[in-house]
Amino acid sequence: MIEDLRTLVETESPSRDAEALKASAAAVAAVIERRLGGRAALVESPAGPHVHWAAGGDPEVLILGHHDTVFPLGTLARRPFRVEDGKATGPGVFDMLGGLVQAIHGLAALDDLSGTEILVTADEEVGSHASRALIEERALACGAVLVFEGAADGGALKTGRKGCGTFEVTITGRASHAGLEPAAGINALIEASHQVLDIAALSRPEIGTTVTPTVATAGTLDNVVPAEATVVVDVRVETAAEKERIEAAFAALTPRLDGARLAVRGAVGRPPMPESASAALFAMAKRLRPGLEGTAVGGGSDGNFTAALGVPTLDGLGAVGGGAHADHEYLMVDAMAERARLVTGLVDAIRRA
């Protein structure tokens, strides 16, 4: 498992880098074929190749993951793959290459692989726009989905996820000389300030809705009334009703300054994954490992899409560790075999149900 993990980590795979993702997809396919036999197909897409492997027989279980990472080319040189003091480190080791290795080795322990499929996509970290249709197709065909994103704190499985999305509000005003004719302009920065306060007020943290302005840009020179401004907003919701409320609220934003114009784009692109979607599969996992915990988390994954279709979905089955998207990302080596055995038991239980 460690050597397979090394192979994947050392094949860098930043999202949107077509050539790197081709090499990464080939590496993932090779590991699958070496451990499970058969042929792993590379499914071309505008985002890069997805990897799809099927054992044959009636589809019953979809193993879902991604091979793209958030780290740019060259990260490996600065932060090479290492195993020290019980931890594996390196770009993507926790999110989510370790989970892929555990899933593959867990399947390899089965005497009969019929009904199992693996789908490893190339664009999860950038929204899954080029893979969503394929994910949904295979999830509906299989009827149960196991997602190998990294575990929650302490190794807990992820039994629910918030829906998440990004909105961008562009403000158009009118430039003028800030000293000679400030009143002749329409100050896009002042309009943006009004909008930031209105947008932030949409949050309802008591019911799990967070609306957080995260990036703002405005202006060109210190003596020019700014004619353009942009505000980017991160949104997280727990229910479909809140998704609809937030999207309607952004669509209804109106300017506060005479003559200012707004343009809004974005949506809650990943629907919420309710805990009801994971209940049956989590109960199976608890029977196999009575000490397992489950928790709902704020981040989204491709499991959000499959759960929204009504397909039973259990997430967080991947690496035990932490530091996703950060330089201190790590995987606990001692947990790898146990998590692989959990895969073996879960897949067997699903097919017997």
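How many bridges join strand β9 to strand β11? There are 10, linking residues 163-172 of β9 to residues 228-237 of β11, and the two strands run antiparallel. Strands here are DSSP runs of E with at least two residues, helices are runs of H or I with at least four, and both are numbered from the N terminus. Two strands count as paired if DSSP finds at least two bridges between them. Within this pair, Cys164 stands opposite Arg236 in β11.

A word on the model: it is predicted, so local features need pLDDT of at least 70 and side-chain atom pairs pLDDT 80 or more, while totals for chains, interfaces and linings use all residues. Residues are numbered from 1 along each chain as its sequence is written, and side-chain values use heavy atoms, without hydrogens and water.

Now step back to the whole sheet. It is open, with four antiparallel strands in the order β10-β11-β9-β12. Because β10 (210-218) and β12 are at the edges with a single partner strand each, one side of each has no neighbour in the sheet.

Ser278 is buried, with a relative accessible area of 1% (buried means under 20%, exposed over 50%, partly exposed in between, with a 1.4 Å probe and protein chains only). Beyond neighbours within four places in sequence, Ser278 is in contact (heavy atoms within 4.5 Å) with Thr159, Met273, Thr313 and Leu314.

Another serine to look for is Ser301, in the loop between β13 (294-297) and α9 (303-308). Ser301 is buried as well, at 0%.
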